Amino acid sequence: MATEVIKIVDPDNGSGTNYTSLSAWEAGEQGDLTGARDEIAVAKCRCTGGTADTTAVTIDGWTTSSTQYIKIWTDPAESYRHNGTWQAGNKYRLLTASLYNGVITSAEGYVVLEGLQLNNSGSRAEQAMGFRNTASSGTAELSISKCIILGSGTGTPTYNVGIWLDAFTGFTAKIWNNIIYDWQVGIRDVSYTNPSYYIYNNTIYGCTTYGIVFEGLGGTTRLKNNLCNGNGTDYSLSGMGGTREYVTNLSEDTSSPNDTLDSKAVSFSNEGGDDFHLAAADTAAKDAGTDLSADGALAFSDDIDGSTRSGTWDIGADEYVAASSTPLFRRRLNILLRLCLSTFNLIGRCFK
Amino acid sequence: MAQILVKAIDATHSDATKDRRGCYKRGMPVVVMPDSHTWGLDERPPKFVVLKLPGVPVEKVKKYIEPEREDTADADGRYQVFRRRLWKFRLDDMPTAALRKLRGNGELIIKVGDYADKYDYTWTQVRSYLRNLKTNTNETASL
């Protein structure tokens, strides 16, 4: 069984930092994970002093497999992961101006990204992307989950895409619980090949041309519980062959492949402030999704910020949880009650 | 105010195209950081060395971390990466004293312009070891 080799990436060079940029980690660790190393190469990203990572990352020159792969993430047990909205401060974020590429571009077969914030401020006219896959042969599985992928460049957009998948037969992409916004296109593949796509519970907003574009593909394409609102056209799924499965995907326009979820404007916590958590008052996405906890290809049961999905699932990256029932709120209430009790005990003792 | 992190050992891949396009080779610049930057535990020999250029703006040396791209665009108008980096320091051709220093504390201080503090070499000396891999010529530009 492959050994996890964890290296700490922290632009602020806090205690125990191995690399001060993800790009340097990639350069320092690249190699054959399948041979004598028999390794899962893990970059655990931190941001101890508030500094963003500003060098674009290309993942190439490695050898990986389904059990010996690359994992880049923020550990939710630490405090450096976003809370489901774009956050600065002590939250790890990759902020670059990459042209003709992604903030992260990967030519590798087996890559896992979890809990990252990617922002490309490069010119929209020069193919600035959030994540770009360039792996082009063999077998590959890409996983992207719980990421916030934001386009902040200006200009007339050309191939300005949040997640660009240059796919091929043998390529599998699992993309779930992400928030992708302010691009020309949120997620795109037009490769006319036979990959396998599992695109579940993503929120895609404010993309000027399309939310999700899959055109002319064979293979397997399953879209479930995706929320597209405020895009030029929410879904473009023309000419699709192969195995297709469209389950409870919501659109603000009439392009959803699930007609009952057409023309649904979702209420977000703070749409103008780019907070795409569901509002308490929402009636479009809340309890309108499908339980994927036993999905045959991609089973999960939480949302972008780690809240457990329960009951009838919500559509999109966020599962609405009433404030009073959040674990954090309960913990705080518990501490407050204990403090009150201690104070009353102390007062009681004083008057004995 | 720049420091250049330079790969000090070759990465290799059995696929020749992937090896050229993806693998960092000894002497290739990886990232550029400001003078004030402090490096992590693995950003030193044997994997890396650092060339310090006090007082030089980061923007001036960013070109050294660009990849070498194909001459012609693909169907989508993109110039694909041909080689991981366009530039490479010929570390093994540097003077023995420089190599000894790089093997030791892993850094060289390079004087540029009117920098008046302690230094190991001048930019004029070092740039002749910085090779453009596309044209196969050494750097002649000032900083």
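How many residues of chain B are in contact with chain A, and how many residues of chain A do they touch? The legends below start there.

This is a predicted model, in which local features need pLDDT of at least 70, side-chain atom pairs count only at pLDDT 80 or more, and totals for chains, interfaces and linings use all residues. Residues are numbered from 1 along each chain as its sequence is written, chains are lettered from A and ligands numbered from 1 in the order in which they are written, and side-chain values use heavy atoms, with hydrogens and water left out.

**View 1. Chain B against chain A.** 28 residues of chain B are in contact with 32 residues of chain A. Contact means heavy atoms within 4.5 Å. The two chains bury about 2200 Å² between them. Of that area, 42% is on carbon and sulfur atoms. Buried area is the accessible area (1.4 Å probe) that two parts lose on being put together, summed over both. On the chain B side, Asp42(B), Arg78(B) and Arg84(B) lose the most area to chain A. Together they make up 23% of what that side buries.

View 2. Six salt bridges are counted between chain B and chain A. A salt bridge is a side-chain nitrogen of Lys or Arg within 4 Å of a carboxyl oxygen of Asp or Glu. Asp42(B) and Lys7(A) meet in a salt bridge through their side chains, at 2.9 Å from N to O. On the chain B side that touches chain A, β1, α1 (16-22) and β2 each supply at least two residues. Helices (H or I, at least four residues) and strands (E, at least two) are DSSP runs, numbered from the N terminus.

**View 3. The nine-stranded sheet of chain A.** Nine strands form an open sheet with parallel pairing. Their order is β1-β2-β4-β7-β10-β13-β16-β19-β22. Two strands pair if DSSP finds at least two bridges between them. The edge strands are β1 (3-9) and β22 (243-247), and each pairs on one side only. Neighbouring strands of this sheet are turned by 10° against each other on average, direction ignored. Axes are lines fitted to C-alpha atoms, for helices over the stretch in contact, and angles run from 0 to 180 degrees between N-to-C directions. Four bridges join β4 (residues 70-73) of chain A to β7 (residues 110-114) of chain A. Here Ile70(A) has Val111(A) as its bridge partner in β7(A). Helix α1 (residues 22-29) of chain A lies across β1, β2 (39-45) and β4 of that chain. The helix runs at about 160° to β2(A).

**View 4. The seven-stranded sheet of chain A.** Seven strands form an open sheet in the order β5-β8-β11-β14-β17-β20-β23, again with parallel pairing. Its edge strands are β5 (94-96) and β23 (250-251). Three bridges link β5(A) to β8 (residues 117-120) of chain A. Leu95(A) stands opposite Asn119(A) in β8(A). Asn120(A) also belongs to strand β8 of chain A. Asn120(A) is buried, with a relative accessible area of 0%. Buried means under 20% relative accessible area, exposed over 50%, partly exposed in between (1.4 Å probe, protein chains only). A polar atom of the Asn120(A) side chain lies 3.0 Å from the backbone oxygen of Ser98(A).

**View 5. An enclosed strand and a buried leucine in chain B.** Five of the six residues of strand β2 (residues 29-34) of chain B are buried, so this strand is largely enclosed by the rest of the structure. Strand β1 (residues 2-7) of chain B pairs with β2(B) in the antiparallel sense over five bridges. Leu5(B) has Val31(B) as its bridge partner in β2(B). Elsewhere, Leu99(B) sits in helix α3 (residues 96-104) of chain B. Leu99(B) is buried, at 14% relative accessible area. Leaving aside neighbours within four places in sequence, Leu99(B) is in contact with Arg26(B), Leu91(B), Asp92(B) and Met94(B).

View 6. Most residues other than glycine have a negative phi, and most peptide bonds are trans. Pro45(B) and Pro46(B) are joined by a cis peptide bond, with omega about 10°. Pro46(B) lies in the loop between β2 and β3 (48-53) of chain B. Asn225(A) has a positive phi, near 60°. Its loop runs between β19 (220-224) and β20 (227-229) of chain A. Is Asn225(A) buried or exposed? Asn225(A) counts as buried, at 0% relative accessibility. Asn136(B) also has phi near 60°. Asn136(B) is exposed, with a relative accessible area of 52%.

Terms used: Polar contact = N/O pair within 3.5 Å; in protein donor to acceptor, adjacent residues only side chain to side chain.
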